Amino acid sequence: MNLSTFIATRYFRSKKKRNFITILSRISMVGVAVGTMALIIVLSVFNGLEDLVRGLYASFDAELKIEAVKGKSFEVNEDWLDSIRSIQGVEVVTEVIEDNVLFRYREDQHLAKIKGVSDNFVDQGRFEKGYVWGDLNLGTPEQPRAIIGRGIAFFLSIDLDNDFDLLQVFYPKAPRSAGTIDPRQMYSRDVIKPVAFFSIEKEFDENYVLAPIDFVSKLLNYGQKRTSLEIKLKEGQKISSVKSRLRDLLGPEFSVKDTDEQHAGMLRTIKVEKLFVFITLSFILAVASFNIFFSLSMMAIEKKKDTAVLMALGATEKLVRQIYMKQGAIIAFTGATIGLVLGFLVCWVQDTFGLVSLGIASSLVDNYPVKMIWTDFLWTSLAVIAITFIASYRPALIASKVKAGDI
């Protein structure tokens, strides 16, 4: 083999190594970009679902809810209610009696909650974010009417156009005589006409029937007792401020909860799921970043003589480590930037045009909800920085151990 052939062979081998390292670096960049984009998209979907759930619950529930700390009911009177109505920021106070009862329609039975509410309940737009069939009217004390969740209506096969079959309601009670064998003394019974169905969210649709509070109070023998009071605020009032005023008025015997606190368990579950998804996808991103480790390791091996020359010229170990760390940072940050931009664009397109459907014909929303939050972009960027540092440190440390005598 002559000298020119030897030089050409070494040149092409060196070129193949450089091309392989370049390809590996680009693969690393693509892996980081895809992982970052997936993180942004999934976290944004969780944000959208959390907002959707919060909105659906808030549409049915009150802005503030007053309950007794001990026991499930409390006595009310007009003077006490007027003192609550006089609180700055309070617009409407709705009296509520809620308990479990047995419903029967024709031959079908279903156990659910009956919620007795004041007449002002329907006028507050509680069903704006749901579907309603029929007439939203609770009737009169002489002719009470019921608004029924769609799930209960399905279980009982209720027909709104049937004026002859009424909804029967049964509530257990203590018998007057302990030795009675008459089953009618074991429960209270009354009938009510179903006039409308509502559909908001499965938990409400399958568990709630709304009825006039006088009807429910008579059936359950509650008298002036109430299980809760629901507060609607005036326009522009801060919930936290009104909640603080109500707590000062009511004292420690009553709790005042906003919509998030009323369903704290559900929202906490969504947040925990989001956290675990973030951790899981971060591990996937870390696996994708292993290519950074391999590409920098191969570079350290290939550039061993070049590194030795640098050391001979006076370069310190710290400088060599910084060179390789910056190389890894360039790969990761470029991929992360591309991933953040792509994730933003995908979420924007979904939010604007709704390309990905939920695939549920009866759903209140047609497409997957998304909501981008800047903190998700921040935490994703910090995760990429941490993973890049871990992936780049070992190859940089190996490269910095090369001595000038290795030329």
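1. Leucine 64 has its bridge partner in β11, namely isoleucine 231. Strand β1 covers residues 64–68, and β1 and β11 pair in the antiparallel sense over 3 bridges. Two strands are said to pair if DSSP finds at least two bridges between them. Strands themselves are DSSP runs (E, at least two residues), helices are DSSP runs too (H or I, at least four residues), and both are numbered from the N terminus.

2. This is a predicted model, in which local features need pLDDT of at least 70 and side-chain atom pairs count only at pLDDT 80 or more, while totals for chains, interfaces and linings use all residues. Residues are numbered from 1 along each chain as its sequence is written, and side-chain values use heavy atoms, with hydrogens and water left out.

3. Strand β11 also pairs with strand β3 (residues 90–105), in the antiparallel sense and over 6 bridges. Isoleucine 231 in β11 stands opposite valine 93, and leucine 229 in β11 stands opposite glutamate 95. Isoleucine 231 was also named above as the bridge partner of leucine 64.

4. With strand β4 (residues 108–117), β3 pairs in the antiparallel sense over 10 bridges. Glutamate 98 stands opposite lysine 115 in β4. The two strands form a hairpin with 2 residues between them, and arginine 106 in the turn has a positive phi of about 60°. Strand β7 (residues 167–172) runs antiparallel to β3 and is joined to β3 by 3 bridges. Here arginine 104 stands opposite glutamine 168 in β7.

5. Now the salt bridges. A salt bridge is a side-chain nitrogen of Lys or Arg within 4 Å of a carboxyl oxygen of Asp or Glu. By this rule the count comes to 18 salt bridges. Side chains of opposite charge can pair when their charged atoms come close.

6. Arginine 104 forms one of these salt bridges with glutamate 107, at 3.5 Å from N to O. Arginine 104 is partly exposed at 25% relative accessible area, whereas glutamate 107 is exposed at 66%.

7. Arginine 85 and aspartate 82 meet in a salt bridge of 2.7 Å, N to O. Which helix holds this pair? The two residues are in helix α2 (residues 78–85), and because they are 3 residues apart there, about one helical turn separates them. Arginine 85 is partly exposed at 33% relative accessible area, and aspartate 82 is partly exposed at 38%.

8. Arginine 145 and aspartate 135 form a salt bridge with an N to O distance of 3.5 Å. This pair links distant parts of the chain, 10 residues apart: arginine 145 is in strand β6 (residues 145–149), and aspartate 135 is in the loop between β5 (131–134) and β6. Arginine 145 is partly exposed, with 25% relative accessible area, and aspartate 135 is partly exposed, with 36%. Elsewhere, Lys65, Glu67 and Lys257 are linked in a network of salt bridges.

9. A nonpolar surface patch of about 960 Å² is made by Ile338, Val341, Leu342, Phe344, Leu345, Trp348, Phe353, Leu355, Val356 and Tyr368. Patches are made of residues with over 30% relative accessible area and no salt bridge; like charges are joined within 9 Å, and nonpolar side chains (Val, Leu, Ile, Met, Phe, Trp, Tyr) within 5 Å. Accessible areas come from the Shrake-Rupley method with a 1.4 Å probe, and for residues only the protein chains shown count as cover. Where is tyrosine 368 placed? Tyrosine 368 is in the loop between α11 (317–353) and α12 (374–400). Tyrosine 368 is partly exposed, with a relative accessible area of 36%.

10. Lysine 305 lies in helix α10 (residues 304–312). At 54% relative accessibility, lysine 305 counts as exposed. Lysine 305 and valine 402 are 97 residues apart in sequence, and their C-alpha atoms are 8.5 Å apart in space.

Key. Buried means under 20% relative accessible area, exposed over 50%, partly exposed in between (1.4 Å probe, protein chains only).
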